[in-house]
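Trainee: Could we go through this structure together, one question at a time?
Mentor: Gladly, let us have a look.

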Amino acid sequence: MLTEVDEHEARAIAGAMLAVATLDGKRPPSEADTVTIGAAWHYLFRRPDELAVDTLAPLGPDDLAAALSSDAVAEHAARCLAITSLVDGVLDDDEIALVLRYSSALGLHDTYLRDLAETAKGHLQAALADMTRENLLSITGREWNIDDASEWLLPYRGAPDPALHERYVALERYPAGTLGRAFWDWYHGHGFVLPGQGDALNESFATPHDSTHILSGYSTTPQGELLVSTFTAGMHPEEPMAGHILPVIYSWHLGIEINKVAGSFRGALDPEKFWVAWERGGELTTDTFAPDWNFWRACERPVADLRAEYHVPPLDDRFAASSDGTEGVDYHPIA
């Protein structure tokens, strides 16, 4: 999801983010708003200087549209505005309405914007169901009926696959440092059930998801799940907002349970960590959720070599997920 913007466009987007945060100057920005805008300026827009948010002027929808050079930059801006409306950890109907005004001026009507609109109308369950469908579409490449989601997510309860399970068990014998051994260690250390048996999650999701945890360095705490899904959205171009970012913000920051498997948590979005995860994922040259990525070929390779080959940026300790006592809980997001 990385999109290059020049300084003029970066300042315009930041001004529009401030307008959303302050309802067009009607109230002061919160601390979370200020950090979000400043961090986006530095990490996402890649500006080398510090942004003094108090020097910005709120920028209206038409002025923002006029300041941007392409459809790609407009999409980038709308995503930033949507995130801004949620960073305080509450669903603010007025902020969402303002985001929709900007998206209309930009000529955008993406699925995640529809989900925000449905939320603001009080149709939360419809929005959550849509996010689930978009998540499954992003992962599988096909449309889903929401009633089939749980069956797809937990396929081994009624139909265990012993051969598949044994294939994953055999990863213990892979050399230390390889992705295969790291995957086995990850599951063994967290107490997760390997694919093919009982309550294990569908390997079509769990294997690329947990491989992404390993490669990115993000933990399984609620904040770790929010960050790994943001990282995923950066590398995986299929429905990044509706299928990945919006659901984990609802789940792990707003405290809204999308399904029983995912659960919920409040307050996991750290703006600096969030934008860093977005930027890191966007740097990757290999997408572990792409249909042509093959775990069984990759699992023979050292994790360090894969990180270098895929161009995974190193994770500074400052931007790693914080521990809140839930490390090891199987907090997979939607699917």
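**A first tour of the fold**

Mentor: To start with the surface, the protein exposes about 13,800 Å², and carbon and sulfur atoms supply 48% of that area. Please keep in mind that this is a predicted model.

Trainee: What radius of gyration does the protein have, and what would a compact globule have?
Mentor: The C-alpha trace spans about 60 × 40 × 35 Å along its principal axes. A compact globule with 335 residues would have a radius of gyration near 20 Å, and the protein agrees with that, at 20 Å.

Trainee: What share of the residues counts as buried?
Mentor: A residue is called buried when its relative accessible area is under 20%. Of the 335 residues of the protein, the share that counts as buried is 57%.

Trainee: Among contacts with a separation of 6 or more, what percentage joins residues 24 or more positions apart?
Mentor: A contact here means heavy atoms within 4.5 Å. In the protein, residues 24 or more positions apart account for a share of these contacts that comes to 73%.

Trainee: How far apart are the centres of the positive and negative side chains?
Mentor: There are 23 positive and 53 negative side chains in the protein. The centres of the two sets are separated by 2 Å.

Trainee: Is Phe 45 buried or exposed?
Mentor: Phe 45 sits in the loop between H2 and H3. Leaving aside residues up to four places away in sequence, Phe 45 touches several residues, including Val 5, Ile 13, Met 17, His 76 and Cys 80. Its relative accessibility is 2%, so Phe 45 counts as buried.

Trainee: What is the relative accessible area of Arg 46?
Mentor: Arg 46 is in the loop between helix H2 (31-44) and helix H3 (61-67). Although Arg 46 is not a glycine, it has a positive phi of about 60°. Arg 46 is partly exposed, and its relative accessible area is 34%.

Definitions and conventions:
Residues numbered from 1 in each chain as written. Predicted model: local features only at pLDDT ≥ 70, side-chain atom pairs only at ≥ 80, totals over all residues. Heavy atoms only, no water. Helix = DSSP H or I, 4+ residues; strand = E, 2+ residues; numbered from the N terminus. Buried < 20%, exposed > 50% of the residue type's maximum accessible area, 1.4 Å probe, protein only. Rg over C-alpha atoms; globule rule 2.2 N^0.38 Å. Areas by Shrake-Rupley, 256 points an atom, 1.4 Å probe, with all protein chains shown as cover. Lys, Arg positive; Asp, Glu negative; His and termini not counted. Charge placed at Lys NZ, Arg CZ, Asp CG, Glu CD.
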